[in-house]
Structures are given as structure tokens and as C-alpha cells.
Amino acid sequence: MAAEARRFNVPVVWAPGRIQPGSLASVDDENLVLDTIKRAEDSDALVLRLYDAYGARGTARLRLGFAFENATFCNLLEDEIAPAVVAGREIELPYRPFEILTLKVC
């Protein structure tokens, strides 16, 4: 339901160009919603913010469509908390009911 609502409210915008189609980021668990991708406030790192929309608990995998060196869990102010488990271009995301996850990737 959350994914359908998001697709309705935030439609895909196509732009002309030579970039190959692909996903910048995707999550393998339908309970987690990838809400935000933005540049960090104090560096060139990317900040990704996800949340659990259904009150579930588990471990998901976030797959990024670009190379990166490390990923760190952060608070909402982007202060680093703990390193994330990274395997290739995937990041392991343990989550709790209705939790907001913030990751800094560089």
C-alpha cells in the first residue's frame, strides 16, 4: 500500500540523455521504504533515509547502483553511529518496527 501511494504521489520524471537506465538504489524488503537520497550536509557522501512502514522487524538488503567504499549508520543529524555490514554493492539493514534508518555512504 505504501509503495502504491508513493508511486501515485511522486511519479517518475524522464529526462533526455545518454545514461543507461538502472536503479540508483533498491531495497529487497517491501516493509522498508527508501524515502530520501541526498548529499550529506558536511561532505560529499550520500545520505539515504529509509523507514519501516508496516511495523515489521527483520533484515533487508539495500543494493546501490554505484561503487562506494563504506557505509555508516547515522542519526537524523548525520552524526555517525556505527559501521554497516557491506558486501559488494549491498548493505545489510537490520530494522525494528517503525524505525527510521539513516545511512551515510561514501
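Pocket, sheets and a ring pair

Guide: The model shown is predicted. Lining the largest pocket are 22 residues, and Arg6, Arg7, Val10, Val33 and Leu34 are those nearest its centre. The space in this pocket comes to about 680 Å³.

Visitor: What makes a residue part of the lining of the largest pocket?

Guide: A lining residue needs an atom within 4 Å of a pocket point. The residues that line the largest pocket number 22. By class they divide into 14 nonpolar, 2 polar and 6 charged residues.

Visitor: Which elements supply at least two residues each to that lining?

Guide: Helix H1 (2-9), strand S1 (25-27) and strand S2 (32-39) do. S2 gives the most, with 6 residues.

Visitor: Why are S1 and strand S7 (86-87) called edge strands?

Guide: They belong to an open sheet of 4 strands, ordered S1-S4-S8-S7 and paired antiparallel. Each of S1 and S7 pairs on one side only, and that puts them at the edges.

Visitor: How do you know that S7 and strand S8 (residues 90-95) pair?

Guide: Pairing requires at least two bridges between the strands. S7 and S8 are joined by 2 bridges, so they meet the requirement, and they run antiparallel. Val86 stands opposite Ile91 in S8.

Visitor: What is the strand order in the open sheet of 5 strands?

Guide: The order is S2-S3-S9-S5-S6, with antiparallel pairing. S2 and strand S6 (80-83) are its edge strands, each pairing on one side only. From one strand to the next the twist averages 30°.

Visitor: What joins S5 to S6?

Guide: There are 3 bridges between S5 and S6, which run antiparallel. Thr72 has Pro83 in S6 as its bridge partner. The two strands form a hairpin with 5 residues between them, and Glu78 in the turn has a positive phi of about 70°.

Visitor: What makes you say that both faces of S5 are covered?

Guide: Ala71 and Phe73 on one side are buried, and so are Thr72 and Cys74 on the other. Buried here means under 20% relative accessible area.

Visitor: How many aromatic pairs are there, by the ring-centre rule?

Guide: The count is 1 aromatic pair. The ring centres of Phe66 and Phe68 lie 6.4 Å apart, and the limit is 6.5 Å, so the two rings pair.

Visitor: Why is the pair of Phe66 and Phe68 called edge-to-face?

Guide: Their planes stand at 65°. An angle over 60 degrees counts as edge-to-face, so the pair takes that label.

Conventions. Residues are numbered from 1 along each chain as its sequence is written. This is a predicted model: local features need pLDDT of at least 70, side-chain atom pairs count only at pLDDT 80 or more; totals for chains, interfaces and linings use all residues. Side-chain values use heavy atoms; hydrogens and water are left out. Rings of Phe, Tyr and Trp (its six-membered ring) pair if their centres lie within 6.5 Å; planes under 30 degrees apart count as stacked, over 60 as edge-to-face and the rest as tilted. On a 1 Å grid over the protein atoms alone, a cavity is a set of points where a 1.4 Å probe fits but cannot get out, and a pocket is an open set with protein on both sides within 12 Å along at least five of seven lines; lining residues have an atom within 4 Å of a point. Grid points are joined across faces, edges and corners, and a volume is the space filled by probe spheres set on the points. Ala, Val, Leu, Ile, Met, Phe, Trp, Tyr, Cys and Pro count as nonpolar, Asp, Glu, Lys and Arg as charged, and the others, Gly among them, as polar. Axes are lines fitted to C-alpha atoms, for helices over the stretch in contact, and angles run from 0 to 180 degrees between N-to-C directions. Buried means under 20% relative accessible area, exposed over 50%, partly exposed in between (1.4 Å probe, protein chains only).
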